[in-house]
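Please keep the sequence and the structure in view while reading.

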Amino acid sequence: MNLYKKVEETLASLGISFELVEHEPALTTEQADRFIEGIEGVRTKTMFLTNKKKTAYYLLIMDDHKRLDMEAFGEIVGSKRIKMASSDSLYEKMMLPPGVVSPFGLLYNDDRDISVFIDKEIIDEDRMSFHPNTNEKTIFIKTTDLLKFIEAIGYEAKVIEF
């Protein structure tokens, strides 16, 4: 199954344009940044997180240079012991392998049980970059269009500060 194709089709159906850069597989944000050097847009990292009991799932979008304070994030979402979700949970919830996490994986979350958060530090940026369900491409999308996409597929992106 081509997970990217559904991203492309969904964005087209919503009238959302984007810039696409194709490159060799990027396994880290640092490596991905080298492939897209000089292109305008905040470099993001998207983390798939869960609570200790795996009863709540969170998708957090933030600047790729910022470090996540798990304890502070846990306080924001009202849950103790936040951790990175397992690769099994990532595949089960969004059909994605590790290293390819992005808001576009929400297209495959049939349970609609993932809460979406965006760091306030990047919400005013004009464009953001993401892997569109493959680490061989990077999409640059306007932040307003990203929010439109998230809402159109049935989610609410909450802006948080930590």
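Which side chain meets that of K66 in a salt bridge with N to O at 2.8 Å? The partner is D119. A salt bridge here is a side-chain nitrogen of Lys or Arg within 4 Å of a carboxyl oxygen of Asp or Glu. The model is predicted: local features need pLDDT of at least 70 and side-chain atom pairs pLDDT 80 or more, while totals for chains, interfaces and linings use all residues. Residues are numbered from 1 along each chain as its sequence is written, and side-chain values use heavy atoms, without hydrogens and water.

K66 lies in the loop between strand 3 and helix 3 (70-77), whereas D119 belongs to strand 5 (residues 114-119), so this pair ties together parts that are 53 residues apart in sequence. Helices (H or I, at least four residues) and strands (E, at least two) are DSSP runs, numbered from the N terminus. K66 also forms a salt bridge with E121, with the closest N and O atoms 3.1 Å apart. E121 lies in helix 5 (residues 120-123), so this second pair joins parts 55 residues apart in sequence.

Buried means under 20% relative accessible area, exposed over 50%, and partly exposed in between (1.4 Å probe, protein chains only). K66 counts as buried because its relative accessibility is 15%, whereas E121 is exposed, with a relative accessible area of 54%.

Another salt bridge joins the side chains of D111 and K93 (3.4 Å, N to O). D111 counts as exposed at 55% relative accessibility, but K93 counts as buried at 8%. The structure holds seven salt bridges.
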